[in-house]
Amino acid sequence: MNIFVSVLTYELGKALGIVEATAEFRRQIDDPKGPDNLPAARMVARLRDCGNVMLYHGAGTCLSKARSRAAHAAHKWLAEQDDSQRAVWVMVDDDVECDARTLRALLAVAGSERVAVLPCGVRGNEREQATVNCVWDSSLIYPIEGIETRPVKRGGCGLMVVPLAALRALVAAKDWDWWHDDDDDVKPALFAQRFEPRSATDARRTWLGEDYSFCSRLREVGVTIVAPVVGVSIHDGIGLDLKLCAQ
């Protein structure tokens, strides 16, 4: 499997500077059992056990731009690899983690066409912490590759698996907003934030974050989004038994 991993380490970059943060993060990946390592470093080390990994260490304070840049780089690199192998882009935020078994489940349910989201607890006040980063499409639970999953309408990108086929569908099917980046390359703004009606019966508009906006675009081009409801996730130190997402 060819795996393009993009990581955002805002806090590390803020503390050390971009160049030093990149070097420190790579050191943590090479020593995954270090006591002070970021969760994302452990995740990249686990992904190395799953296939051929290309690491993209992004920087910047604008999430929609940083994730769009990573999407462009992922599409380009994955398309250049041996097409007989599965090809996926994995987004990992610095404070998100799961164990190796849950990670392999996430990769399995994504397959070659579906996008897979890791449900995580939401940071915030007491009420917000009782929620997850997924808006469910239904209460249906069904198996994929023997793993129980639930369909997702919108999900957070803290840990998300996007197959190359889904990226290709996005790039080819729509004339999205685009911009000339600092390298003068033209890149689609796949994570540009959107305003959409709250629901099919509520025309009041809601502001979608960059991750939910990305999911909206995926669904527009017919890409299915799912989440495993077995395993464990950790977000900013908050653990979640994924079985709770099946209720």
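Start by selecting Ser6, Val7, Leu8, Tyr56, Gly58, Ala66, Arg67, Ala70, Met91, Val92 and Asp93, which line the largest cavity. Strand 1 (2-8), strand 2 (52-58), helix 4 and strand 3 each give two or more residues to this lining. A cavity is a set of points on a 1 Å grid over the protein atoms alone where a 1.4 Å probe fits but cannot get out; lining residues have an atom within 4 Å of a point. Helices (H or I, at least four residues) and strands (E, at least two) are DSSP runs, numbered from the N terminus.

This is a predicted model, in which local features need pLDDT of at least 70 and side-chain atom pairs count only at pLDDT 80 or more, while totals for chains, interfaces and linings use all residues. Residues are numbered from 1 along each chain as its sequence is written, and side-chain values use heavy atoms, with hydrogens and water left out.

**Stay at the cavity**

How big is the volume of the largest cavity? It is about 60 Å³. A volume is the space filled by probe spheres set on the grid points, which are joined across faces, edges and corners. The count is one cavity of 30 Å³ or more. Color the lining by class: seven residues are nonpolar, two polar and two charged. Here Ala, Val, Leu, Ile, Met, Phe, Trp, Tyr, Cys and Pro count as nonpolar, Asp, Glu, Lys and Arg as charged, and the others, Gly among them, as polar.

**Move to the second largest pocket**

Next, find the second largest pocket, which holds about 170 Å³ of space. Select Asp83, Gln85, Ala87, Leu164 and Arg168: of the 15 lining residues, these are the closest to its centre. A pocket is an open set of points with protein on both sides within 12 Å along at least five of seven lines. Now show helix 4 (63-79), strand 3 (87-93) and helix 6 (164-173); each supplies at least two residues of this pocket's lining. Which element gives the most? Helix 6 does, with three residues. By class, the pocket lining has seven nonpolar, four polar and four charged residues.

**Zoom out**

Show the whole protein as a cartoon. It has seven helices and 16 strands. The C-alpha atoms fill a box of roughly 50 × 40 × 40 Å, taken along the principal axes. For 247 residues, a compact globule would have a radius of gyration near 18 Å, and the protein agrees with its 17 Å. That radius is taken over C-alpha atoms, and the globule rule is 2.2 Å times the number of residues to the power 0.38.

Of the 247 residues, 48% count as buried. Buried means under 20% relative accessible area, exposed over 50%, and partly exposed in between (1.4 Å probe, protein chains only). Among contacts with a separation of 6 or more, 67% join residues 24 or more positions apart. Contact means heavy atoms within 4.5 Å.

**Select helix 3**

Pick residues 39-48. This is helix 3, mostly covered, with seven of its 10 residues buried. The buried ones are Pro39, Ala40, Ala41, Met43, Val44, Ala45 and Leu47.

**Check the cysteines**

Cys62 is partly exposed, at 39% relative accessibility. Then select Cys245, whose sulfur is 6.6 Å from the closest cysteine sulfur, in Cys134, again too far for a bond. Cys245 is buried, with a relative accessible area of 5%.

**Visit two loops**

Most residues other than glycine have a negative phi. Select Glu145, where phi is positive, near 55°. Glu145 sits in the loop between strand 7 (142-144) and strand 8 (147-155). It is exposed, at 64% relative accessibility.

Asp236 also has a positive phi, near 55°. Look for Asp236 in the loop between strand 15 (232-235) and strand 16. Asp236 is partly exposed, at 43% relative accessibility.

**Finish at Gly239**

Gly239 is found in strand 16 (residues 238-241). Is Gly239 buried or exposed? Gly239 counts as exposed, at 53% relative accessibility. Leaving out residues up to four places away in sequence, Gly239 touches Ser233 and Ile234. Last, draw a line from Gly239 to His57: they are 182 residues apart in sequence and 25 Å apart in space, C-alpha to C-alpha.

Methods
A disulfide is a pair of cysteine sulfur atoms within 2.5 Å.
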